[in-house]
Amino acid sequence: MEPIPRLRIMSQQTVLVIDDERDIRELLTITLGRMDLKVDAVGTVAEARQALSERSYDLCFTDMRLPDGSGQEIIELIAAEYDETPVAMITAYGNVDAAVTALKAGAFDFVSKPVDIQMLRRLVRTALKLAEEKRTGGGVGHAAGGSSERLIGDSSAMQQVRNTITKLARNQAPVYIAGESGVGKELVARLIHEQGPRASGPFVPVNCGAIPSELMESEFFGHRKGSFTGAVADKEGLFQAAHGGTLFLDEVAELPLHMQVKLLRAIQEKAVRPIGAREEIAVDVRILSATHKNLAALVDQGQFRQDLFYRINVIELRVPPLRERRGDVPLLAEFVLRQLAAKSGGGTPVRLLPEARQALEDYDFPGNVRELENILERAVAMCDGDRVDASDLMLPQRPPRHGAEAGTPAHGGGHHAQPAYPPTHAPTTTPVAQTPSSELPLDDYISNLERTAIMKALEESRYNKTAAARKLGITFRALRYKLKKLGID
């Protein structure tokens, strides 16, 4: 027998409220009614199941504890059978564990008792926009350029990342983006924002490691004029700047412990108190975070708060390093070369010769996509004509792996190596150590080697740049590029 289709009233959006407290049901009914929404209010799991089977809802609110079950059951039911309906959990004040559990089960957000009416209205507007996008299969993000157009790669790993981004965009749960430096974590965060219901709001990225510790509270939460020496005017914080949109906390592992406590409270209470202010300000912000470090290990070491870790890591998205998707390297390289051509005036992009393409595919890329971009920018400057060969890439030579797997992560401690200058181009002596410091980033180490070689060639040729370029075995144009890049006057 065919199931009876659920009814939808097209003229008015509908909300289902599930709470055994009559006062809460009446408060939500009145508040939502003033937003021109039709409200069905029930008090048990059984009544909720019946209502969901008979009608299609644009939004659902459910209490955590119900006489004949739990709100968690409702969330799991909606996620499994009515996934076009956003559902929010109503939790007791301060019950973070229940909120996190609800978000993991599929709730798009939560609201704490006592209910803040203004926060509730903002949540409802976001949820209804989300519900409309789910029904139509659209989304603001498609107009802004989908992830397939900006996350380059046909590998199964990247297809999975793109699919996950699409799912996460239609949710309001905090997302933790894990991945090595240079894999594109901020791009992933932007795509999650752009493809979701907050796309019309601001996207505010912040590098947590770039803010001095003593300024962090002011930067995140703002301050009032005269609240401390130098506070000559009121200042809006990052949370207020991201109101209605997304706050992306990059390198979140760099937050000092005292700031982690304040950040946790702001996320839980959805409110901030500027320095010098008497009252808190409600903020409607989705939190995305990322770091190249192992955050779970930092929790075990006592360097990152466990409660904050669980609050920002409701859903984890891992972005794979480039060495785990080597087949994507040619596509990425072509994309980068087109961008470089466009920057230099829109001419025909330089093309990779087969041996150069193979060399790139064989390379591990400890710096990931960012390193690929740097290598190709250098190669375009170094090459003769419109073709890049393997020697133009100047790839660092990797030491033997001693049986290590090709896909072994290169987190802090991988061997750095010298650039592979052709023998005829290499300087006869180098007044720097031939083994890099374990504390020195690969790009900096290579730059130091290049600077030393160039300075030696300039000195030997009495600062005749044409002669120095000939001595180094590179073109005059390539030498000029190097001098500018390395800041050599």
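Residues are numbered from 1 along each chain as its sequence is written, and side-chain values use heavy atoms, with hydrogens and water left out. Because the model is predicted, local features need pLDDT of at least 70 and side-chain atom pairs count only at pLDDT 80 or more, while totals for chains, interfaces and linings use all residues.

**Exercise 1. Cysteines**

Task: State how many disulfides the model has, and decide whether Cys-60 is buried or exposed.

Solution. 
- Step 1. A disulfide is a pair of cysteine sulfur atoms within 2.5 Å. By this rule, the count is 0 disulfides.
- Step 2. A residue is buried under 20% relative accessible area, exposed over 50% and partly exposed in between (1.4 Å probe, protein chains only). Cys-60 has 0% relative accessibility and therefore counts as buried.
- Step 3. Cys-208, at 1% relative accessibility, also counts as buried.

**Exercise 2. Aromatic rings**

Task: Give the number of aromatic pairs, and describe how the rings of Phe-203 and Phe-248 are arranged.

Solution. 
- Step 1. Rings of Phe, Tyr and Trp (its six-membered ring) pair if their centres lie within 6.5 Å; planes under 30 degrees apart count as stacked, over 60 as edge-to-face and the rest as tilted. The count comes to 6 aromatic pairs.
- Step 2. Phe-203 and Phe-248 have ring centres 6.2 Å apart and planes at 20°, so this pair is stacked.
- Step 3. Helices (H or I, at least four residues) and strands (E, at least two) are DSSP runs, numbered from the N terminus. Since Phe-203 belongs to strand 9 (residues 203-207) and Phe-248 to strand 10 (residues 246-250), the pair ties together parts that are 45 residues apart in sequence. Both Phe-203 and Phe-248 are buried.
- Step 4. Phe-220 and Phe-221 form a tilted pair, with 6.3 Å centre to centre and 50° between the planes. Phe-220 and Phe-221 are both buried. Ring pairs join Phe-220, Phe-221 and Phe-239 in a cluster.

**Exercise 3. Backbone features**

Task: Identify which residues a cis peptide bond joins, and locate Glu-251 and Phe-365.

Solution. 
- Step 1. Most residues other than glycine have a negative phi, and most peptide bonds are trans.
- Step 2. The cis bond joins Lys-113 and Pro-114, with omega about -5°. Pro-114 is in the loop between strand 7 (109-112) and helix 5 (117-136).
- Step 3. Glu-251 has a positive phi near 50°. Glu-251 is in the loop between strand 10 and helix 12 (257-269), and is buried with a relative accessible area of 12%.
- Step 4. Phe-365 also has a positive phi, about 55°, although it is not a glycine. Its loop runs between helix 16 (354-362) and helix 17 (368-382). At 1% relative accessibility, Phe-365 is buried.

**Exercise 4. The largest cavity**

Task: State how many cavities of 30 Å³ or more the structure holds, and describe the lining of the largest cavity.

Solution. 
- Step 1. On a 1 Å grid over the protein atoms alone, a cavity is a set of points where a 1.4 Å probe fits but cannot get out, and a pocket is an open set with protein on both sides within 12 Å along at least five of seven lines; lining residues have an atom within 4 Å of a point. Grid points are joined across faces, edges and corners, and a volume is the space filled by probe spheres set on the points.
- Step 2. There are 3 cavities of 30 Å³ or more. The largest cavity contains about 260 Å³ of space.
- Step 3. It is lined by 22 residues, and Asp-109, Gln-172, Lys-270, Val-285 and Arg-286 are the closest to its centre. Strand 7, helix 5, helix 12 and strand 13 (286-291) each give two or more residues to this lining; helix 5 gives the most, with 4 residues.
- Step 4. Ala, Val, Leu, Ile, Met, Phe, Trp, Tyr, Cys and Pro count as nonpolar, Asp, Glu, Lys and Arg as charged, and the others, Gly among them, as polar. The lining of the largest cavity has 13 nonpolar, 2 polar and 7 charged residues.

**Exercise 5. The second largest pocket**

Task: Find which element supplies the largest share of the lining of the second largest pocket.

Solution. 
- Step 1. The second largest pocket holds about 610 Å³ of space. Its lining has 26 residues, with Gly-182, Gly-184, Val-369, Arg-370 and Glu-373 nearest its centre.
- Step 2. The largest share, 6 residues, comes from helix 15.
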